[in-house]
Amino acid sequence: MAKSHKPVVWFPFAAGGTVIAFFIPVIVLLTFLAALGHVPAGLGYESMHAFARSGLGKLIIFGVVALSLWSSAHRLRCTCYDFGLRADTLVATVLYVAAIIGSIAAALFLLRI
Amino acid sequence: MSRKPLVRECPPTTWYFRQPRYLRYMSREITSIFIAAYCVLLVVGLQRLSQGPAAWEGFLLALRGPDSIVFHLLALTAAFYHATTWFNATQKAMPIQIGEGFVPGNIISGAHYAAWAVLSVAILFLAGVF
C-alpha cells in the first residue's frame, strides 16, 4: 500500500496556521509596545520567567513557537516555489531542518528556565 | 503522426501579475516571510530569557528603536492579514452540517473572530497592558 508522508507535514501546518492566527497578532502587539519603549508589566523578567517556569507555561510557549515555526517553514517553501525558485527538494529540506532545529532550540531553552 | 505538443506558457517568476486574484494570493504568501522572521525573534527571546535577568533586559532594550518599529509594523500587518484570511477560509475548510442543511458560513467565521477577540483581550490583560 502506498503511503504518503503528507499528513505528517500537513497536520502541524494546519495546526500552526491556526495557532499563528489566534496567538501571533497579539504577541507581536506586545513586543511592538516594547519596541515603542512601553514594555508591558507582564513582559518583565519576573513574570516572564515565572510563566516559562511552570509546566503549563512551557507547554504553551513550546506549542506556539514550534507549530508557528513549522507552519512558517511550509508556507515559505510554497512562497519560494511561487516566486520561481523551483528547487523544491532543496528548499523544503533547508526550511524543514531549520524549523526542527528552531523547535529543538526552543525546547532546550525552556528546559533551562 | 506528430502533433504539436502543448506548451503551457507560464512565466515562473511573473505569473501573478496576470490577474488581481493571483496578486491577492501572492500578497498572502508574502506574509509568511515576516511571520517566519518573527518566529526566529521568538526563539532568540526564549534564549535570552533562559540566560537570566540581564540578558532578558538587554533583549527588551534591543527591541527598541526605529528599525524594530518598522519590522513590528510589517509583522503586525502580516499577522493580521494571515489571521483574517485564515478565519475567512474556515467556513470553506470545515463546513458544519446539521441535518439536511449547512450552518451558514458567516457563523463559523464569526465564531472564530469572536474567539480571537476574547483570546487577544485576555492575553493583553494577563500581560498587564490594561
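Me: How do you know how helix α3 and helix α4 of chain B pack against each other?

Reply: Happy to start there, and please keep in mind that this is a predicted model. Helix α3 (residues 66–93) of chain B and helix α4 (residues 105–126) of chain B have axes 7 Å apart, and the angle between them is about 145°. The crossing of α3(B) past α4(B) is right-handed. On the α3(B) side the contact is made by A83(B), F87(B), N88(B), T90(B) and Q91(B), while α4(B) brings G105(B), I108(B), S109(B), H112(B), Y113(B) and W116(B).

Me: What classes of residue make up the contact of α3(B) with α4(B)?

Reply: This contact has five nonpolar, six polar and no charged residues.

Me: Which domains does chain B have, and where are they?

Reply: The domain assignment gives domain 1 (7–93) and domain 2 (94–130) in chain B. Their centres, taken over C-alpha atoms, are separated by 22 Å. Six residues from domain 1 of chain B and eight residues from domain 2 of chain B take part in the contact. On the domain 1 side, the touching residues are three nonpolar, three polar and no charged.

Me: Why is G45(B) called buried?

Reply: A residue is called buried if 20 or more other C-beta atoms lie within 10 Å of its own. G45(B) has 22 other C-beta atoms within 10 Å, so G45(B) is buried. You will find G45(B) in helix α1 of chain B. In space, C-alpha to C-alpha, G45(B) and L60(B) are 8.7 Å apart, though 15 residues apart in sequence.

Me: Which residues of α1(B) and α2(B) meet?

Reply: G45(B) is one of them: together with R48(B) and L49(B) in α1(B), G45(B) meets A55(B), W56(B), G58(B) and F59(B) in α2(B). These residues divide into four nonpolar, two polar and one charged. The two helices, α1(B) and α2(B), have axes 6 Å apart and pack at an angle of about 145°.

Me: Why does A35(A) count as buried?

Reply: The cut-off for buried is 20 or more other C-beta atoms within 10 Å. A35(A) has 23 C-beta neighbours inside 10 Å, and therefore counts as buried. A35(A) lies in helix α1 of chain A. Leaving aside neighbours within four places in sequence, A35(A) is in contact with L63(B), R64(B), S68(B), I69(B) and H72(B). M48(A) is 13 residues from A35(A) along the chain, and their C-alpha atoms are separated by 17 Å.

Me: What makes up the contact between chain A and chain B?

Reply: Chain A gives 45 residues and chain B gives 43 residues. On the chain A side, the elements with two or more residues are α1 (6–35), α2 (45–53), α3 (55–82) and α4 (88–112). Of these, α1(A) gives the most, with 15 residues. By class, the chain A side has 31 nonpolar, ten polar and four charged residues.

Me: Which residues have the most contacts inside the largest nonpolar core?

Reply: That core has 44 residues, and those with the most contacts inside it are I24(A), V65(A), I35(B), Y38(B) and A75(B). Two or more residues come from each of α1, α3 and α4 of chain A, and from each of α1 (20–50), α2 (53–62) and α3 of chain B. The most come from α3(A), which gives ten residues. As for A75(B), leaving aside neighbours within four places in sequence, A75(B) is in contact with V28(A), F34(B), I35(B) and Y38(B).

Terms used: Residues numbered from 1 in each chain as written. Chains lettered and ligands numbered in written order. Predicted model: local features only at pLDDT ≥ 70, side-chain atom pairs only at ≥ 80, totals over all residues. Domains from an automatic or database assignment. Contact = placed C-beta atoms within 7 Å. Nonpolar A, V, L, I, M, F, W, Y, C, P; charged D, E, K, R; others polar. Axes fitted to C-alpha atoms, helices over the stretch in contact; angles between N-to-C directions. Helix = DSSP H or I, 4+ residues; strand = E, 2+ residues; numbered from the N terminus. Left-handed = near helix turned anticlockwise from the far one by under 90°. Core = buried A, V, L, I, M, F, W, Y, C linked by C-beta atoms within 7 Å. Buried ≥ 20, exposed ≤ 12 C-beta atoms within 10 Å, placed from the backbone.
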